[in-house]
Amino acid sequence: MDSEIARKVTAMIDHRRLNRSGSSLFTAFAASVIALIVFTVVIVSNLSVRDISEVVKIEIKTVVPYLPLRSERELSAGKNNYTIKQITTVKENNNLEILETFGGKGVSEKFQQRATEFLRDDCEVSFMMTWISPVDKFGKRDVLSVESVFKSHPRGCLIILSSTMDSPQGFRVLKPFLDRGYRVTAVTPDLPFLLKDTAGESWLEEIKTGKRDPGKISLAQNLSNLMRLAYLFKFGGVYLDTDMIVLKSFKPLRNVIGAQTLEPVSRNWTRLNNAVLVFDKNHPLLRKCIEEFALTFNGNVWGHNGPYLVSRVARAVEGTVGYNFTVMTPPAFYSVNWIEIGKLFKVPRTEKDRKRVEVKVLEMQRRSYGLHLWNKFSSKFEIEKGSAMDKIVSDHCVICEKVSVS
């Protein structure tokens with residue numbers, strides 16, 4: 001009987017030890033996972049706060065497979081070396097009439113003269129934007145982008161390539177800047193002139209004659225991608241999207257393009273963005289981009305002829321003699337991604353969120369030349385009084401009218 005009791009007690013003790021052992025193993029496993037997460041967060045945080053003066057070497061073949069340009073090696077019929085997801089609403093009809101507007105007739109035939117006279121040597125920095133929407137869509141946020149240009153560059157000049165803004169109504173939009181002595185104008189672009197002696201010239205003719213499919217995505221959107229490249233190739237300067245807020249002077253920048261994303265470990269860039277382009281005229285990278293646009297144009301895939309295009313070209317010419325340009329890390333222009341941008345528009349509800357926003361704003365003040373607002377995603381947000389965006393608006397406006405959703 002005593003031996004039976006002893007056996008049961010021993011079994012019970014062994015069972016408890018086993019449970020404790022299992023619990024210990026689970027605790028150890030959980031602790032390891034938590035430690036790994038903390039370590040990863042620390043590493044990512046450290047990467048995100050490095051100084052903007054560090055530029056990214058264009059060495060990404062080990063990160064993303066090399067994507068040859070069409071001009072260097074013809075693609076096999078019906079085959080692609082890369083796949084890009086379409087993430088935009090496709091329009092059923094393309095309006096080719098926009099080619100007539102930008103076709104070198106009527107007001108656009110004076111483009112060269114008007115642009116040359118406007119871009120005098122006394123421009124502190126020469127900026128350009130494109131506007132392909134109706135003039136009444138040029139809202140307060142777009143005006144804020146213009147304001148921020150002159151806040152940081154009082155002696156700068158800004159030319160807006162737009163047939164709709166080049167009108168009496170467009171003049172009224174820009175008149176408050178002219179009344180304050182700022183140099184801004186809207187000019188209807190002349191595409192044949194801008195594309196002359198480039199690969200884009202034959203592309204334009206093929207689109208006009210129906211030999212090239214414009215695709216289902218807005219042709220105007222793709223023309224904006226092409227016009228910014230062609231204009232900078234002809235004149236040089238700084239291209240800005242109208243949802244880019246300039247935070248400090250661009251005078252130190254030359255032949256620069258911004259990375260939107262980096263590979264976390266190697267810190268090599270994985271994607272560039274064409275919302276900001278800073279280049280000398282006749283820069284070979286721009287000519288190569290126009291060539292790539294013409295040869296690989298795809299009007300059915302969002303971004304293929306824009307940010308993905310400049311990424312393909314920059315990747316292909318890395319290390320090539322004569323292609324001198326700098327890829328700046330994301331904090332330069334894209335310190336807040338499109339997923340997080342809404343947080344800047346709202347007043348933080350918790351102490352934790354408040355500190356995060358404060359840290360982000362301080363980083364932008366120290367490291368950023370511009371802030372991309374990602375209007376496609378942030379246009380639904382009102383700017384709440386006391387929010388980070390409320391302060392950014394007040395710090396970088398010159399007219400300083402209230403900015404909301406428009």
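Visitor: What is the handedness of the link of C397 and C400?
Guide: Right-handed, with 95° about the S-S bond. A disulfide here is a pair of cysteine sulfur atoms within 2.5 Å. The sulfurs of C397 and C400 are 2.0 Å apart. Keep in mind that this is a predicted model: local features need pLDDT of at least 70, side-chain atom pairs count only at pLDDT 80 or more, and totals for chains, interfaces and linings use all residues. Residues are numbered from 1 along each chain as its sequence is written, and side-chain values use heavy atoms, leaving out hydrogens and water.

Visitor: Why does C400 count as partly exposed?
Guide: Because its relative accessibility is 44%. Buried means under 20% relative accessible area, exposed over 50%, and partly exposed in between (1.4 Å probe, protein chains only). C397, at 5%, counts as buried.

Visitor: How many disulfides are there?
Guide: The count comes to 2. C123 and C157 form a disulfide too, with sulfur atoms 1.9 Å apart. Both C123 and C157 are buried.

Visitor: New topic. How many residues are in the largest nonpolar core?
Guide: It has 55 residues. Such a core is a set of buried Ala, Val, Leu, Ile, Met, Phe, Trp, Tyr and Cys residues joined through side-chain atoms within 4.5 Å. F250 is among those with the most contacts inside it.

Visitor: What is F250 in contact with, leaving aside neighbours within four places in sequence?
Guide: F127, H153, V238, L240, V276, V278, F333 and Y369. Contact means heavy atoms within 4.5 Å.
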